[in-house]
Amino acid sequence: MTADTTHSTEPGREADRAAVRALLDSSCRAWGRGDGAGYGRHFTEDATDVTFVGTVYRGGDEIGRAHQALFDSFLKGTSLTVEIVDLRFLGADAAVAVTRGEVHKGRPKRLGKLATYTIARGADGAWRIAAVQKTRHRRLMEAFSFRSQPATRPSAP
């Protein structure tokens with residue numbers, strides 16, 4: 001499930017913000033059902049999915065096929081939680097969402113992965129994921145960096 005923790009709002013974009021949240025929420029529900037094809041339908045035909053281990057999948061069909069294999073094995077019975085921390089629109093038909101999330105069984109202890117989604121509105125008016133890049137949040141390395149070089153600390157949390 002998704003949560004939107006962003007505090008900024010762009011006037012007149014409430015419907016688009018809701019549509020992006022609904023897209024990510026729906027992708028989480030497909031994940032929770034173990035539905036690879038359903039998960040893949042949330043992506044554009046030419047989408048790119050870069051996993052946190054560095055695997056690159058291309059296109060909604062491939063993303064769905066690969067995830068079905070994962071749902072049938074390593075990720076069987078897992079859920080995906082995604083929390084939007086920043087959402088910006090780049091014109092009428094493109095958005096970038098930065099999220100925190102976690103793959104888990106039961107309740108997640110912490111949202112330790114970060115992902116940047118590029119989301120595009122298609123000719124049919126539907127928003128789909130055009131690209132996603134995932135990484136694990138390395139809290140210890142980040143804290144070390146901030147302590148030793150305070151100028152590396154971002155201004156926004």
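Colleague: Leaving aside neighbours within four places in sequence, which residues is Ile119 in contact with?

Modeller: Happy to walk you through this predicted model. Contact here means heavy atoms within 4.5 Å. With neighbours within four places in sequence left aside, the residues in contact with Ile119 are Val20, Leu23, Asp93, Ala94, Ala95, Ala97, Trp127, Arg128, Ile129 and Ala130.

Colleague: Which residues touch the most other members of the largest nonpolar core?

Modeller: In soluble globular proteins, nonpolar side chains tend to be buried together. The largest nonpolar core here has 27 residues. Those touching the most other members are Tyr117 and Ile119.

Colleague: Which element gives the most to this core?

Modeller: Elements that give two or more residues include strand E2 (43–50) and strand E7 (127–136). The top contributor gives six residues, and that element is H1.

Colleague: How far does helix H1 reach from its first C-alpha to its last?

Modeller: H1 covers residues 14–33, which makes 20 residues. At 1.5 Å a residue, the expected span is 28 Å. The reach in the model is close to that, at 28 Å.

Colleague: Which residues lie closest to the centre of the second largest pocket?

Modeller: This pocket holds about 420 Å³ of space. Its lining has 23 residues, and helix H3 (60–71) is one of the elements that give two or more of them. Closest to the centre are Trp31, Phe52, Val103, Lys113 and Lys134.

Colleague: How many residues of that lining are nonpolar?

Modeller: The lining divides into three groups. Six of its residues are polar and three are charged. The nonpolar ones number 14.

Notes. Residues are numbered from 1 along each chain as its sequence is written. This is a predicted model: local features need pLDDT of at least 70, side-chain atom pairs count only at pLDDT 80 or more; totals for chains, interfaces and linings use all residues. Side-chain values use heavy atoms; hydrogens and water are left out. Helices (H or I, at least four residues) and strands (E, at least two) are DSSP runs, numbered from the N terminus. The expected span of a helix is 1.5 Å times one less than its number of residues. On a 1 Å grid over the protein atoms alone, a cavity is a set of points where a 1.4 Å probe fits but cannot get out, and a pocket is an open set with protein on both sides within 12 Å along at least five of seven lines; lining residues have an atom within 4 Å of a point. Grid points are joined across faces, edges and corners, and a volume is the space filled by probe spheres set on the points. Ala, Val, Leu, Ile, Met, Phe, Trp, Tyr, Cys and Pro count as nonpolar, Asp, Glu, Lys and Arg as charged, and the others, Gly among them, as polar. A nonpolar core is a set of buried Ala, Val, Leu, Ile, Met, Phe, Trp, Tyr and Cys residues joined through side-chain atoms within 4.5 Å. Buried means under 20% relative accessible area, exposed over 50%, partly exposed in between (1.4 Å probe, protein chains only).
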